[in-house]
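Subject: Structure for your review

Dear colleague,

Please find below the structure that I am handing over to you. My findings follow directly after it.

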Amino acid sequence: MGKENSYSRMLSEMNFVQFYEAMSLPVRGLIHSIKFNTIPFESILLSSSTLFLFHATKLDLLILGKLFGEILNPMSGFGKFIKISGYLVFPFIVWGLYEGAKIQRLKKRIEESLAIAGLRNVFGKVPTIAGIYPVDKETNKLVLNRSSYAVGDFVKARDRIESGLNSYIDDIRESRLKGTVEIIYSSLTLPTKVSFRDPELLDSKSFFVGATRSKEVTGDLDSTPHLLVAGQTGGGKSTFLRNLITTFYLNSKNTKFTLIDLKGGLEFQLFEELPRVSVIPNIERAIEELNSLQKELIRRMEILKKNKVKDIANIKENSSEGTFLRSRRLVVVDEIAELFLAGGGADSSKIIQARRILSLIARQGRAVGINLIVATQRPDSKSLDPQVKANLVGVICFQMQNDSSSISVLGNGRATDLPSIPGRAIWKEGPKMTEIQTPLLSTQEAEALIEKFKVSNSSAMEMSSK
Ligand SMILES: Nc1ncnc2c1ncn2[C@@H]1O[C@H](COP(=O)(O)OP(=O)(O)OP(=O)(O)O)[C@@H](O)[C@H]1O
Ligand SMILES: [Mg+2]
């Protein structure tokens, strides 16, 4: 009753538009609820049947008769029809009102947080809400008309919008075509531990990047042929590389791996003795290996040229050249700054040559099936060749110490704002950025998965030739 009174008080204080909006609120709430299947049909039908039962047994007259008198006891057939219909429809109206009011409150809260975040135009108007759509049980999509704002303005206001929504934002993206910005938000927090996913669930070019609040994210070497794994110490770079290498080793039986770790080779030690894998622990060997990779790249390019195709996807699979090209090469460098900065005592001409080859792989590797994955704590131009960096289209960036490092990797300070949770990162795929928790695969777990393939193991050769 109290609710109904305040509803009628609200109506009396409104102008025409507000009056129309308030009157149509239950209907809009109901349509929204039916459209997105959030309506509890069973409970509503149960309420309708209970009311009908009240009518049939005349219990309603007994309880409410004094208050409503004649209305509850119509004489004419038409009056009875109206009364029964009213009983049947009433629970739907109440539900519509509840849903409509909920949406209205949420809209108001969003508009307030947009205003506090400074997203107000010269007329004092905030971006208008085009809709709020459920994505799944805990996740919603808020669509805003962008008006004169850039998507970056919404990204900057992220924290404010998050607190206004009382939720966690998963993604802010733009639909240029529609002139809208979509904000995916969820009431759930990100998990702090995500386990390694069985590679068999993926195809041979795909890898599990991690989990957001609402979904699992995978990447693939077709859309992100080269990857940068950046972040301050302890963020989870080497762990992520272990996850990637193990996934591809198990899933892509003809890929060959070159694993360069100039911090002593310890990170990749577990992959030693595996067929198809070379673990490179020092700069001299790294340079030798890069030289041979350059030769292979040139050979692969020549095959493409001879066959008059632009990349390996267009080469005939059943030719011997096709088989050669389709066996990928994965080059992984943990802490690339070791190669570029100190040089480990190698002479400078060799370092320059190594840089040149890495740059060549970054520029031309995609077409010929040579993929590059580099990790670094320091993403500055001295530690990582800008030309190499420009071609690393997929980025996993763990927490960064300062904005300038974050900006040099992501173009914004989001990696500085990440919580200090190992494995928490931003996955950037082209312009799209998503906060994720990367999978944890310990050295021991990885060992257990690959142990049977090692050459020291008698069954290894048979298995790896599968
Ligand atoms: N995805 C993850 N989930 C949970 N914990 C993780 C995750 N990744 C890493 N860790 C924890 O953080 C520790 C450090 O991770 P890792 O060695 O991968 O960091 P790093 O970025 O390579 O650091 P450095 O730059 O010093 O080499 C790991 O030993 C592990 O305990
Ligand atoms: Mg490391």
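Helix 8, residues 237-251, gives the most to the shell around ligand 1, with 3 residues. Please bear in mind throughout that this is a predicted model. The shell around ligand 1 holds 17 residues, and those that come nearest are Thr233, Gly234, Lys237, Thr239 and Gln377.

Several contacts with ligand 1 can be described at the level of atoms. In the side chain of Thr233, an N or O atom is 2.4 Å from an oxygen atom of the ligand. The side chain of Ser238 likewise has an N or O atom at 2.9 Å from an oxygen atom of ligand 1. With Pro439 the backbone is involved: one of its N or O atoms lies 3.4 Å from a nitrogen atom of ligand 1. The protein buries 74% of the 640 Å² that ligand 1 exposes when taken alone.

I would also draw your attention to the second largest pocket, which has a volume of about 560 Å³. Its lining is made up of 21 residues, and Lys102, Leu106, Ile132, Asn140 and Tyr185 lie nearest the centre of the pocket.

Which element gives the most to this lining? Helix 5 does, with 7 residues. At least two lining residues are supplied by each of helix 5 (77-116), strand 1 (129-134), strand 2 (139-145) and strand 4 (180-186). By class, the lining of the second largest pocket divides into 7 nonpolar, 7 polar and 7 charged residues.

As to where this pocket is placed, the second largest pocket lies between domain 1 (1-116) and domain 2 (117-188), because both of these domains give residues to its lining.

With kind regards

Notes. Residues are numbered from 1 along each chain as its sequence is written. Chains are lettered from A and ligands numbered from 1 in the order in which they are written. This is a predicted model: local features need pLDDT of at least 70, side-chain atom pairs count only at pLDDT 80 or more; totals for chains, interfaces and linings use all residues. Side-chain values use heavy atoms; hydrogens and water are left out. On a 1 Å grid over the protein atoms alone, a cavity is a set of points where a 1.4 Å probe fits but cannot get out, and a pocket is an open set with protein on both sides within 12 Å along at least five of seven lines; lining residues have an atom within 4 Å of a point. Grid points are joined across faces, edges and corners, and a volume is the space filled by probe spheres set on the points. Helices (H or I, at least four residues) and strands (E, at least two) are DSSP runs, numbered from the N terminus. Ala, Val, Leu, Ile, Met, Phe, Trp, Tyr, Cys and Pro count as nonpolar, Asp, Glu, Lys and Arg as charged, and the others, Gly among them, as polar. Domain bounds come from an automatic or database domain assignment. A residue is near a molecule or strand if one of its heavy atoms lies within 4 Å of it. A polar contact is a pair of N or O atoms within 3.5 Å; within protein, one must be able to donate a hydrogen and the other to accept it, and residues adjacent in sequence count only if both atoms are side-chain atoms. Accessible areas come from the Shrake-Rupley method with a 1.4 Å probe; for residues, only the protein chains shown count as cover.
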